[in-house]
Amino acid sequence: MTHNEIKQKLFALYDGPLTEKERVLIEVHLAACKDCRQAVGEWENISGALFTKPAFSEAEEDRVVANVMARIEVPGARWVPWKTDLKWFLPLMGSAVTAAWVFFFVLPATPDISQPPLTMSLLASAQAPAQPAPAPARKVVRAIKPLPPLAFNSFHPSIGTTPVRIVLPARTQSAPPVDPFVQAVVYSY
Amino acid sequence: MRNKAISDQQILELIQSGHKEAYGDLIRQYHKKVMGYCLSMLNNHTEAEEAAQDIFVKAYQNLAKFKGNSQFSTWLYRITANHCLDILRKRNRRKTVSLDALVEQNGDQIHGLFSTSEKASSALENRQLAHKILSTLPDDYRTILTLREAEGLEYQEIADVLDCTLDAVKGRLARARRQLQENLGRFLEPDNVYIRKTEKGYEPQ
């Protein structure tokens, strides 16, 4: 290893992550090279002056422990993950239970609001004279006639560049009226 | 005092089974490391203590997220480093000390900090001065230097804490050291440098 290569690895020696072979090589070089010894020594001096570990008293430690323990949950409470991670869990479960209760218990027991209350119905039947039973409703059969087939002007030059235009056959005097609902659907199409 | 035979994992299991008082043992175990790191980064004892308390509370609230993929200490260092960086970012918006201003105000003191011939200043003065010197570095350089030099973390542990690769740690650490040496260059004249004799056999200059 050359001097420059070793100089690149000086801090690796200082920090520790070297193989045994590399460590021996660098230590042998350091013993002979004043520049490298000075570089390592300079850094040790800086590190020793700037990165000193302060000492802390037991009282400080006790104070930190007491304050932290007071700030975390109430005494005796169990550690539950959803209070920290799944804060959405309880509101979601509450909403789901409420919705289920309304759907299964409240709605089936609610009377139809389109009908008058029972008391009002009884009063009305007591005051009104008896009426004959209404005749059964006559069933209305309505024939739906099919629309005439639609014709597309597929030879128009604008096909492919403009929206498809639907040409409906002209209605004649003798043509039967078209169902307005079906007509509305066709025109909207 | 905490029984040394109980591992962090066993304490965590105790906490998760409802014995939250066991968290006190965990705080005692890591109080010095967390507090030391906060003090190195913030240089204010009151602020550092408040930060340490916040960090331990935050760690407790996020214990469910700790899956045991890394050591608990690494995970706690990650929370600590991020919390201190947040505080520094807020503080940096207020005021930053330039190197030139520092040289004008504390030039003689800095000279004395690295010189063995002069009368040693008090530890508090030295610490405050050291912090002023470190505050001339970018926050990420300060973080990585504190983790390595003050806390003594290995490269891989630093990579886990900072969530980066091993090569990134090596590169950033080298750049941080170079910049710190450059900042201090004007004070480190050869006659002020004292090379200590260590177990590795380095001789005094």
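The largest nonpolar core has 42 residues, and B:Val34, B:Cys38 and B:Ala52 touch the most other members. By nonpolar core I mean a set of buried Ala, Val, Leu, Ile, Met, Phe, Trp, Tyr and Cys residues joined through C-beta atoms within 7 Å. Helix H2 of chain B, residues 23–42, gives the largest share of this core, 11 residues.

This is a predicted model, in which local features need pLDDT of at least 70, side-chain atom pairs count only at pLDDT 80 or more, and totals for chains, interfaces and linings use all residues. Residues are numbered from 1 along each chain as its sequence is written, while chains are lettered from A and ligands numbered from 1 in the order in which they are written.

A residue is buried if 20 or more other C-beta atoms lie within 10 Å of its own, exposed if 12 or fewer, and partly exposed in between, with C-beta atoms placed from the backbone. Helices are DSSP runs of H or I, at least four residues, numbered from the N terminus.

Consider helix H3 of chain A, residues 20–32. A:Ile26, A:His29 and A:Leu30 are buried in H3(A). Seen down the helix axis, the buried residues of H3(A) fall within an arc of 100 degrees, taken from the directions from the axis to the C-beta atoms, so they line one face. On the other side of H3(A), the exposed residues include A:Glu20 and A:Lys21.

Finally, B:Ala130 lies in helix H6 of chain B, residues 123–134. B:Ala130 is partly exposed, with 19 other C-beta atoms within 10 Å.

How values were computed. Helix = DSSP H or I, 4+ residues; strand = E, 2+ residues; numbered from the N terminus. Expected span 1.5 Å × (residues − 1).
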